Amino acid sequence: MSEQTQQPGSSAPRRVVVAGAGMAGVQTAVALREQGFAGDVILIGAEPHQPYDRPPLSKAVLLGKSEGSAFDVDFEALGIELRLGCEVLGLRPADHELDTEDGPVPYDVLVVATGAEPVRLPGAEGVPGVHLLRTLDDAERLRPVLARRHDIVVVGAGWIGAEFATAAREAGCAVTVVEAAERPLAGALPAEVAAPMAGWYADAGAVLRTHARVERVEPGAVLLDDGSRLPADAVVVGIGARPATAWLAGSGVELGAHREIVADEHLRSTAVDVYAVGDCASFPSGRYGERLLVHHWDNALQGPRTVARNIVGRAVGEAPAVYDPVPYFWSEQFGRFVQYAGHHADADTTLWRGDPSGPAWTVCWLRGERLVALLAVGRPRDLAQGRRLIESGVSMNPVLLRDPARPLKAATA
């Protein structure tokens, strides 16, 4: 990663090109203007739609309560040029050019914000009735499925699977969720934390089948490896997402184990004048002592501010800003508001606040005496206070922390 240590040029960039018109890309373009960048800003998006926010797709848009979720941004007034329906095809860093369907686009600085793409279920592509839920078009295709109250099989009991199952049950559909692991959210949370969430499915009238691997999908049915045959007017696949970086093959930009762009602490890639932000990039966290790849909305909101600051600050010799956030995300599922902040991988103590069989409880993870992560179900005040405590790194009192009646901020050592 030697190029990441090179000093940026002293001249002010005149043209910034942003590849990707999702949350990370839009926020980068807007932040550049907010921080005083006066040059050209070109925002390139593969979809033809006006740039939009994704979280409402699994909620209001899916249920027909909203026709869309376009960002409330006046791109014309901000002097941001939109090039929509234009897919990026490749990158030539030596030439400072981005290859697109509409031809090469030169840049002084490039920000890659192409996000992530859903993992597809092997053997299910092209089978009628199989859906993903990632884009506005996906949500619009699924909306009439829910309106007709079809029998639906959801493959994957992760965040998106639970959110879709919630919407489908609200619409009156019969829902079966199949999960290859032994519990929901197996890749995200420890067993003892995810265990209480398994009961939420039955409470909502959905069937959850764990240890259930899909053998194949055929029109009208899902066949499991134990021989079970599940009737399915529609199948929704939610088995994860991977960084959308295949177009960078041969560019020389370093990719990590998950095919994400390996960015440094300033969100610079290994290519000179190329930054990376959002779901497509990992970054080193000094706070947690490891590289993080965060596929959540808040990361796509916060990272662009650091990128814009570093681009604008180059010409005036400002020291580049370091990106080291406390990761945060939320999920609305089965009538519960679930929030998570931090990163619990290296925690050595797990403490509970409240009864996990009840409607509101919190799990806290500590490393030594410091709070490093927490998950709050129906306790937004715990989340807000806990996030600040993680940021400050203050020592906590475990005895006080266990008392759900005590505010987290009053549980310090």
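In what order do the five strands of the open sheet stand, and is their pairing parallel or antiparallel? I ask this at the outset because strands of a sheet pair through backbone hydrogen bonds, either parallel or antiparallel. Please keep in mind throughout that this is a predicted model.

The order is β22-β23-β26-β25-β24, and the pairing is antiparallel. At the edges stand β22, residues 328–333, and β24, residues 349–353. Each of these two has a single partner strand, so one side of each is left without a neighbour in the sheet. On average, and with direction ignored, neighbouring strands of this sheet are turned by 15° against each other.

Strand β24 is joined to β25, residues 361–367, by five bridges, and the two run antiparallel. Within this pairing, arginine 353 has threonine 362 of β25 opposite it.

A helix accompanies the sheet. Helix α7, residues 380–392, lies across β22, β23, β24, β25 and β26. Relative to β26, which covers residues 370–377, helix α7 runs at about 165°.

I now come to the charged side chains. How many salt bridges does the structure hold? The number is 19, and I shall present several of them.

Another bridge brings together aspartate 273 and arginine 314, whose closest N and O atoms are 2.9 Å apart. Here too distant parts of the chain are linked: aspartate 273 sits in the loop between β18 and β19, and arginine 314 sits in helix α6, 41 residues apart. Are these two partners buried or exposed? Aspartate 273 is buried, at 17% relative accessible area, and arginine 314 is buried as well, at 12%. Salt bridges with shared partners also join Arg92, Asp95, Glu97 and Asp99 into one network.

A further bridge connects arginine 183 with glutamate 182, where the closest N and O atoms lie 2.2 Å apart. Arginine 183 counts as buried, at 15% relative accessibility, whereas glutamate 182 is partly exposed, with a relative accessible area of 42%.

Helix α6, residues 297–314, has already supplied arginine 314, and alanine 300 is found in helix α6 too. Because its relative accessibility is 8%, alanine 300 counts as buried. Which residues does alanine 300 contact, leaving aside its neighbours within four places in sequence? They are Met23, Ala24, Gln27 and Gly278. Between alanine 300 and isoleucine 311 there are 17 Å from C-alpha to C-alpha, the two being 11 residues apart in sequence.

The structure holds one cavity of 30 Å³ or more, and about 30 Å³ of space lies in the largest cavity. Which residues line the largest cavity? The lining consists of Val294, Asp298, Asn299, Tyr323, Pro325, Val326, Pro327 and Tyr328.

To close, I return to the opening question: the five strands form an open sheet with antiparallel pairing, and helix α7 lies across β22, β23, β24, β25 and β26.

Technical notes. Residues numbered from 1 in each chain as written. Predicted model: local features only at pLDDT ≥ 70, side-chain atom pairs only at ≥ 80, totals over all residues. Heavy atoms only, no water. Salt bridge = Lys/Arg side-chain N within 4 Å of Asp/Glu carboxyl O. Buried < 20%, exposed > 50% of the residue type's maximum accessible area, 1.4 Å probe, protein only. Helix = DSSP H or I, 4+ residues; strand = E, 2+ residues; numbered from the N terminus. Pairing = 2+ DSSP bridges. Axes fitted to C-alpha atoms, helices over the stretch in contact; angles between N-to-C directions. Contact = heavy atoms within 4.5 Å. 1 Å grid on protein atoms, 1.4 Å probe; cavity = no way out; pocket = protein on both sides within 12 Å on 5 of 7 lines; lining within 4 Å. Points joined across faces, edges and corners; volume = space filled by probe spheres on them.
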